[in-house]
Amino acid sequence: MRFIGREEQLSKLNRAIAKTHKDGAMQTILIYGRRRVGKSELVKQLLKNTTVPGIYYECRQVAEESNAQGICNILSEELQLPKLGYQSIDEVLEYIFQRACEENMIFVLDEYPYLRENIRGMDSILQTMIDKYRDSAKLTFIILGSYVEIMRNLLEHANPLYGRIDLTINLKPMDYYKSAEFYQGLSEEDRVRIYSVFGGIPYYNRLVDDSVSAEENLMELLVTPEARLENEVPLYLNAEISKITNANEVFEALSRGYSKYKDILDQSHVSSGPTLVDVLDKLSKMEVVERRTPINDERNKRKASYHISDPLSAFYYRYIFRYASQRKIMDPKAFYDKYIREDFESIYVPHYFEEICRQYLIRKNQAGQISPVIERIGKYYYDLPAERRNGEFDIVTQDQKGYVFYEVKFREEKISAAAVREEITQVKATGMNCYKYVFISKSPVDLTGIEEPIGTITLQDIWN
């Protein structure tokens with residue numbers, strides 16, 4: 001299977017290997033990120049394309065002796081050694097680090113939290129090894145883990161490994177543009193639909209069959225009972241959260257469009273405010289929920305909002321979890337037609353199309369293709385006391401000249417000149433210092449008679 005993306009991360013890792021070879025000193029690398037984001041595949045790709053001998057071990061939820069023997073077995077296989085009989089992690093690590101004093105090596109401990117969980121003082125054991133061999137072992141030592149909170153803890157001042165990590169990679173989901181390389185055969189519209197469900201997670205995207213429609217993929221992978229990914233969301237949540245009921249409550253409220261703290265508390269059955277704070281904090285650290293503030297009032301906590309940043313979780317809670325009983329007794333196509341189709345096309349996908357457009361603007365900005373350069377991007381809050389209304393514009397950018405307003409539409413109907421004028425009038429009414437208006441639309445935009453500075457971006461532009 002073709003490896004897609006991650007060029008920047010591979011370049012960093014190859015530079016670390018080259019530095020180890022050049023200086024004859026160890027490089028310790030920490031790679032973390034949410035489950036299924038592609039950490040293991042990244043490292044396997046690295047090992048596949050280097051001439052440096054590599055030892056890759058995926059830690060297991062077993063006793064220390066079993067993990068030690070597992071590493072021994074890999075060592076014997078990869079280095080053509082007689083069977084090694086080390087019984088403790090200390091012993092096998094000592095052997096690897098000592099051997100690296102004589103030859104260049106790469107040593108990978110994947111799913112490190114499992115090892116840490118079952119071996120008392122594991123972080124201190126690694127600290128001792130790193131300190132002892134830092135200047136003598138020609139070793140690129142890579143530690144991987146999916147439990148984001150635990151892995152971040154390794155970087156904190158109180159942790160024994162503090163100051164001993166030479167390179168940290170927080171592997172994020174791919175953006176919409178890279179994700180589409182997994183399903184290039186789909187139409188531009190269906191690419192939007194697929195990204196709106198599977199996001200930038202390589203494991204999900206490689207399951208997409210681009211010879212059939214987005215709807216057929218959703219039916220096959222999520223909607224049909226016993227589908228490949230129907231239990232994916234509860235599995236990863238149960239692995240990291242002890243009280244899954246509270247997480248379910250919060251996700252369900254968020255999936256129905258409630259984003260403000262008070263609304264989430266009112267709509268969910270979480271027992272108290274402090275409990276909700278804890279749940280939101282946990283989900284944020286897991287990088288499946290994010291907190292946003294408007295770019296024109298970032299410090300105002302009351303204007304902060306929470307959003308599901310993982311599209312698969314959003315789809316699961318909006319449709320599969322909410323209608324679980326109906327799904328069990330209905331024909332899959334009838335279930336899709338009744339509970340998913342209309343809402344998915346008119347509300348769900350347009351919402352995630354906004355995220356795609358935000359990523360598009362960032363990508364173009366980073367490539368130096370937007371002038372003046374965008375300095376901030378996000379929502380813009382407005383308040384009109386005289387009219388007794390307030391609200392937010394979903395995508396606004398700020399640069400040295402002021403604000404640019406973006407209206408995003410994912411619908412079949414052509415946007416009329418009257419609708420364009422109405423949007424401009426609404427923006428002007430807020431008093432926002434807006435010097436340009438841009439419409440990003442799946443369908444044509446009629447600009448007849450419009451005198452204000454207007455820009456348009458098509459669906460084709462976004463994928464080019």
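## A helix across the sheet

Helix 19 (residues 341-366) lies across strand 8, strand 9, strand 10, strand 11 (434-441) and strand 12. It runs at about 25 degrees to strand 9. Axes here are lines fitted to C-alpha atoms, for helices over the stretch in contact, and angles run from 0 to 180 degrees between N-to-C directions. Contact means heavy atoms within 4.5 Å. Helices (H or I, at least four residues) and strands (E, at least two) are DSSP runs, numbered from the N terminus.

Helix 20 (residues 417-429) also packs on the sheet, touching strands 8, 9, 10, 11 and 12. Its direction makes about 140 degrees with that of strand 11.

## Basis of the model

The model is predicted; local features need pLDDT of at least 70, side-chain atom pairs count only at pLDDT 80 or more, and totals for chains, interfaces and linings use all residues. Residues are numbered from 1 along each chain as its sequence is written, and side-chain values use heavy atoms, leaving out hydrogens and water.

Five strands form an open sheet, ordered 8-9-10-11-12, with mixed pairing. Strand 8 (376-384) and strand 12 (454-458) stand at the edges with a single partner strand each, so one side of each has no neighbour in the sheet. Two strands pair if DSSP finds at least two bridges between them.

Gln-398 has Tyr-403 in strand 10 as its bridge partner.

## The whole chain

The chain holds 21 helices and 12 strands. Its C-alpha trace spans about 80 × 55 × 50 Å along the principal axes.
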